[in-house]
Structure formats: C-alpha cells, structure tokens
Amino acid sequence: MQEKAMVVSRRKVLNWIGVTAGAAAMYQAMSSLGFAAESNYQRDFALSGAPKGTRVLILGAGLAGMTAAYELRKAGYQVKVLEFNAKPGGRCWTLRGGDRFTELGGATQHCEFDKGLYLNPGPWRIPYHHHAVLDYCHKFGVALEPFIQVNYNAMVHSTKAFDGKPQRYREVQADFQGHVAELLSKAVNQHGLDQALTREDRERLLEVMRKWGALDANNAYKKSLETSMRRGFAVDDGGGLMPEAVPSEPIDCKALLDSNLWQSIASGQEYEFQSSIFQPVGGMDMIAQAFQKQVNDLIHYNAKVTRIQQNDQGVTVTYQNSDGSGGAQQEQADWCVCTLPLSILGQLPVDVSAPMMSAIRAVPYESSIKVGLQFKRRFWEQDEHIYGGISYTDTPISKISYPSTDYGKQGKGVLLGAYIWGPNAYEFTAMSPQMRVQKAVEYGTQVHGQYPAEFENGIAVGWHRVPWTNGCYGLWTPETRQQHYKNLCQIDGRIVLAGEHASYIPAWMEGAILSSQDAIKRLHTHIIASAKAA
Amino acid sequence: MRTTLTPAILAGLLVSACAFAEDAPMLSTSGKFDQPGGEALFNQVCQGCHMAEGQGSHGAGAYPALAANPKLGAKVYPVFMVTSGQGGMPGFKKYMDDQQIASVVNYVRTHFGNHYADSVTVEDVQAVTRR
C-alpha cells in the first residue's frame with residue numbers, strides 16, 4: 001500500500017492507517033531482530049564418516065546439546081555430554097505436581113498441581129513452520145496436539161476502558177474490522193481516495209469492504225443479523241420452539257478506538273502465531289524426554305563447568321559436582337560443542353579468541369515470568385465457554401492462557417496466570433514466589449471474577465532466577481548482531497557454540513536445534529578437512 | 001518453605017502482606033519503572049538478581065554481590081553497569097531516567113556494608129547516558 005498517495009479526509013482514518021503502518025513497521029523491526037525469520041531447515045539432516053576415534057565433548061544437555069549428541073554419535077563420533085542439572089532439557093521444561101523447584105536465592109517451591117496438570121515455564125508452543133522441532137518430534141514419536149493461540153471467545157481487557165469490564169475478543173475483532181471498513185468506505189465516497197485509485201478500483205474496494213466488514217447496503221456497520229454472524233448474537237439461534245436469534249449491539253466506534261483493545265487483535269496474525277501451532281501432549285518436556293531416550297547414556301549429569309581450555313591438541317573442560325561436593329574433575333576431547341547460555345559461559349575462563357569472547361559478553365539475557373495457577377474447576381470452560389487460547393489484559397500479568405487440552409474435563413484445571421516481559425517482569429522476579437502467585441491471582445480476578453473462590457495453589461518462575469540460565473534468552477539488537485554474531489558462530493580453534501543465542505530465532509526451540517545442526521555440520525566438515533590435511 | 005497458597009492464606013495475605021514480611025509492591029504501569037526512589041528501585045528491580053541483602057547468588061553461573069563490593073568505590077562503575085549492563089546483565093537506560101539511575105546507585109553505595117560518601121549526581125549519570 002502506498003499510504004502517502006492516500007489523501008484521506010477523516011482524521012480517524014488517517015489514525016487507523018497510521019496504526020496499520022505501525023504494525024507493519026513493528027513486524028519489519030521484529031524480522032530484523034530475528035523474531036519472524038523462517039526456519040531454514042534441511043529435511044533428513046544427517047552426518048556420516050567421522051574419523052575413527054574422534055572425541056567430541058558437548059556442554060549442556062538442552063535441545064541444542066542433545067541434538068548435537070544424537071547427530072554426532074550417528075555420524076560415528078565418540079560423544080560425551082556434561083550437564084549442570086540432574087535431568088536434561090534445559091529450558092524445555094515442565095513443572096508437574098510433586099516437582100520441586102529451587103530458584104537462585106534459595107526459595108523452594110513445591111508444585112501441588114493435580115495429576116496430569118502442568119506448567120511449561122519456558123517454551124510452550126511450536127509453530128507449523130518450525131520444521132526442525134516438528135521433525136524430531138515425528139522421528140522420536142512425540143505426540144502433538146493443537147495449541148490454541150487465537151480464541152475468539154477469550155477476553156480482551158483494559159482497566160481504562162468499559163469500566164474495566166473484559167470484552168470478548170470476537171466482539172472487538174468484528175467491530176474494529178467493521179468500523180474500519182465503514183470509515184474506509186466513507187473515505188472512498190467522500191473522494192478521499194480519488195487520487196490513489198481508479199473508479200473501478202474504488203467500486204471494487206467498496207464491495208470488498210462490505211464483505212470484509214459485514215457492512216449493510218449503505219456501507220454502514222450496525223446492529224444486524226449479518227454483523228452478529230461475526231460478533232455473536234445477544235440470543236443465539238436454537239431448535240424447535242426455542243427463542244429466535246436476537247442480534248447484538250456493536251461497540252461504538254469511538255469507544256472502541258479509545259479503548260485500545262483492538263491492539264491485542266494483531267498478535268495472532270503474526271507469522272509465528274498463525275495456525276497451526278502445536279504442543280506436545282502432556283507437557284513441553286516430552287520433547288526433552290524423547291531426546292533423552294536417544295542420548296541418555298552419553299550424559300554426565302550434575303556437572304558444573306568451571307573452565308574451558310583448548311590448544312592445538314585438544315580441549316580440556318574442568319567441572320565439579322553441581323552441589324559443590326567433590327573436587328575439580330576434567331574431561332578431555334578432540335573437539336567441543338558448547339551450548340551453555342552466554343549468561344553462564346561469559347562468566348567462565350574460556351580459551352577462545354578475543355572476538356568470540358567479546359561476542360559472548362555482548363548479549364544480555366531478557367527477563368520473563370510465568371505463573372501457573374490451579375483452580376478447583378475449569379470455570380473458564382464451564383462458565384465462559386473459553387476452550388484454550390489467550391486473554392489479553394493491560395494489567396501487569398499481561399496474558400491469561402487456558403489449557404489447550406482435556407476440554408470439558410471435570411475436576412481441577414491449571415491455567416497460565418501471568419506471562420510477563422518488560423519492567424513488570426523484573427518487578428515480579430524481585431518478589432518472593434508467594435507474592436508473584438498472590439499478585440497473579442489479584443490481577444487475574446479483574447478478568448475472571450471466579451478467581452478468589454476457585455483458586456487453590458500456584459507456582460511462579462522468574463527466568464532471571466533460574467539457576468541454569470540466569471535469564472530467559474539472549475537479547476540481540478541489530479547493532480550487536482552486526483558487530484558480534486558471526487564471531488560468536490565461527491569455529492574457534494576446537495570449539496563451536498550452539499543454542500538459541502547462536503540463531504536468528506531467539507528464545508525458540510527451533511533456534512536452538514537449527515543452531516546446533518548448523519554448528520555440527522560446519523564442525524564435521526572442518527574435522528574431515530583437518531584429518532585429510534594431517 | 002512451602003509456597004502453595006490456599007484461599008484462606010491468600011485472604012490473609014490480601015489483608016496483611018506483613019505475614020511474609022514483604023510489602024505488597026506497587027507495579028509500574030507506564031512501560032518504564034515508575035519507582036522514584038533508590039530503595040524502591042533496588043527492592044523491585046535489582047533484588048531480582050542481586051538478592052535482598054545485595055549478597056548475589058550462585059548456580060551454574062553467579063550474580064555478583066553488591067554488598068561490600070569494592071568495585072562500587074568508583075562511582076562511575078555502577079552508573080555504567082545500570083545504564084548499559086555487561087555480559088548477561090541488561091542495561092536499564094530504556095526503563096530508568098537519569099535521576100532514577102542516580103538514586104538507585106546512591107542507595108546501593110550507601111547500603112549493604114557500602115559507605116561511599118561521594119554521591120552520584122544526575123550530571124554524573126548524564127555523562128554516561130548522554131541524553
């Protein structure tokens with residue numbers, strides 16, 4: 001669209017187009033940061049022909065580390081993995097009833113969820129174009145189910161609009177689209193687009209706006225059966241002698257624009273949130289467990305890496321037991337794939353070149369919070385007919401997400417009661433776990449009045465307090481990428497790095513796996529070439 | 001410590017947050033940190049990593065202690081750290097104004113066993129933030 005060519009008469013239309021341009025600009029910005037980049041995946045990834053007896057030491061048994069372990073062993077390498085935790089997966093992690101989580105600072109939470117209920121503190125969804133994650137899921141037999149991202153019957157909530165009463169997503173979506181279609185039609189009829197469009201195009205645009213916005217024959221968006229087919233009815237159609245349908249009243253255009261609620265509508269249209277999206281049945285760590293079945297015998301758990309040395313002969317990694325017991329131990333190998341988060345790696349003495357060390361130290365780690373809340377019953381389904389999906393609120397909890405599984409099940413349910421970025425994420429991190437849960441309940445009550453009566457228990461994870469990552473993910477900027485990214489990804493002597501931080505798909509499992517595949521492919525090529533030269 | 005909240009406990013908490021010796025915090029609504037003072041900024045931001053007594057913590061990596069930390073002696077150092085971050089630590093320039101940065105640095109440099117008399121001024125901060 002050439003927005004500059006549009007001479008539009010009404011300020012509101014201009015405003016709206018400005019908003020659209022803003023969204024497009026934001027999307028571009030996100031692309032340049034890597035958020036919207038597509039997975040560049042080579043199906044049937046496989047390496048072969050490792051020089052006999054070549055040893056590779058992998059640091060970290062998250063998805064990047066386990067991908068490397070799985071593929072390198074298949075290629076014929078002697079592989080060993082050192083992992084800080086007592087289990088694999090890293091940020092691919094699920095909390096269930098009976099689990100215990102001790103965060104940095106020492107606070108311990110005991111998860112009291114009922115059997116079958118869980119929280120994914122880290123990744124929780126897999127877009128259909130994250131081919132590498134999906135392929136390993138298919139290969140390893142990880143059962144997947146749809147993750148509901150957009151739910152037209154979920155809530156959008158602003159404390160500053162409609163007296164703080166949550167509105168239904170479908171009403172806001174339909175009414176915003178309808179009002180915008182009406183405004184654009186007015187702009188056409190008031191000759192505001194005469195310079196930008198031919199007469200035929202203007203007529204076509206009017207016709208499209210009538211269909212797109214559910215406008216009437218006079219290009220107006222108003223209460224009717226047609227608009228209710230979009231936004232829902234005051235009384236739904238029934239059978240037999242049940243009452244006839246009663247159309248619903250659209251939200252006033254100005255009130256809707258003033259509410260800002262429509263800003264939540266664009267999120268589900270972004271590439272990485274478009275249908276179809278998946279989740280593993282039973283929790284995200286089903287993926288970690290599936291990898292574990294393949295490579296568990298290679299992993300040395302409870303090993304905290306304290307030093308990484310290399311020379312032209314090989315790599316020596318010093319580690320100790322994660323609980324501090326025992327003395328320094330060492331592991332030697334010919335090559336090393338290091339998947340430790342940069343927030344951890346940057347604190348260690350590491351023998352790498354100055355450019356790589358600068359790159360390792362150039363990436364801050366983002367703050368994020370998730371809170372899982374267990375309720376006595378699935379009131380969001382029973383009372384409000386919300387099955388999966390996400391409600392948006394301008395309170396600090398930001399989002400409430402309903403389980404995309406076990407619909408209609410009697411008994412207890414767990415929802416995601418807060419998913420927070422930005423300043424509020426830091427503020428939640430600084431609270432005790434109990435206070436985080438209390439605050440999530442307090443703010444969530446503004447969206448669902450059932451909270452106080454139905455709430456049972458909760459668990460809260462602030463990623464800056466997670467002992468194995470010191471943060472959520474590596475936060476690149478266009479400037480730091482320009483200066484450091486290639487230096488971070490280069491093979492440095494006998495060491496190569498991998499993980500979401502070494503990808504253009506930060507914070508996503510796809511980034512971790514693609515980064516790992518690319519790193520070991522380059523390393524393998526390098527090793528073969530070195531062996532031939534020797 | 002068990003952290004599960006029953007409705008009864010929650011109700012008690014809502015009446016008196018003092019039950020956990022932790023005041024119910026006011027959360028920022030502006031998209032930046034709204035806390036004006038150094039103590040509130042420390043408690044609601046820095047504490048997340050550096051902990052309540054500025055003692056830091058250890059896991060696979062560490063968060064450095066601010067308590068009795070000689071690096072705080074050079075006042076430009078904490079100003080730079082809060083502004084720009086370093087390593088895994090994010091900078092807070094986009095979330096705090098220069099007065100807030102001065103306030104929180106002054107708070108840290110006069111608490112947790114630190115006793116530096118040379119206050120950081122807004123001008124000192126501006127020399128680093130350049131805004």
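**Reading the definitions in a two-chain model**

User: What makes strand β1 (residues 55-59) of chain A count as mostly covered?

Analyst: Four of the five residues of β1(A) are buried. A residue is buried if 20 or more other C-beta atoms, placed from the backbone, lie within 10 Å of its own; it is exposed if 12 or fewer do, and partly exposed in between. The structure is a predicted model, in which local features need pLDDT of at least 70, side-chain atom pairs count only at pLDDT 80 or more, and totals for chains, interfaces and linings use all residues. Residues are numbered from 1 along each chain as its sequence is written, while chains are lettered from A and ligands numbered from 1 in the order in which they are written.

User: How do you know that β1(A) and strand β2 (residues 78-82) of chain A pair, and in which sense?

Analyst: Strands are DSSP runs (E, at least two residues), as helices are (H or I, at least four), numbered from the N terminus. Two strands pair if DSSP finds at least two bridges between them. Five bridges link β1(A) to β2(A), in the parallel sense. Leu59(A), for instance, has Leu82(A) of β2(A) as its bridge partner.

User: Which residue stands opposite Leu57(A)?

Analyst: Cys336(A) does, in β16(A). Strand β16 (residues 335-338) of chain A runs parallel to β1(A) and is joined to it by four bridges.

User: Why does Phe162(A) count as partly exposed?

Analyst: Phe162(A) has 17 C-beta neighbours inside 10 Å, so it counts as partly exposed. Its place is the loop between β9 (155-157) and β10 (167-168) of chain A. Setting aside neighbours within four places in sequence, Phe162(A) is in contact (C-beta atoms, placed from the backbone, within 7 Å) with Gln167(A) and Ser259(A).

User: How do you know that chain A is as compact as a globular protein of that length?

Analyst: The radius of gyration, taken over C-alpha atoms, is set against the globule rule, 2.2 Å times the number of residues to the power 0.38. For 534 residues the rule gives 24 Å, and chain A comes to 26 Å, which is close, so the chain is as compact as a globular protein of that length. The C-alpha trace spans about 80 × 55 × 40 Å along its principal axes. Chain A contains 16 helices and 22 strands, and 48% of its residues count as buried.

User: What pattern does chain B follow along its sequence?

Analyst: The pattern is α-α-β-β-α-β-β-α-α, which comprises five helices and four strands. Of its 131 residues, 37% count as buried. In helix α3 (residues 76-84) of chain B, the buried residues are Pro78(B), Val79(B), Met81(B), Val82(B) and Thr83(B). They pack against β3 (85-86), β4 (89-90), α4 (98-109) and α5 (122-129) of chain B.

User: How many residues does each chain give to the contact, and which element of chain A gives the most?

Analyst: Chain A gives 44 residues and chain B gives 36. Among the elements of chain A that give two or more are α12 (423-429), α13 (433-444) and β21 (455-462); α13(A) gives the most, with six residues. The side of chain A that touches chain B has 21 nonpolar residues, 19 polar and four charged. Here Ala, Val, Leu, Ile, Met, Phe, Trp, Tyr, Cys and Pro count as nonpolar, Asp, Glu, Lys and Arg as charged, and the others, Gly among them, as polar.

Key. Contact = placed C-beta atoms within 7 Å.
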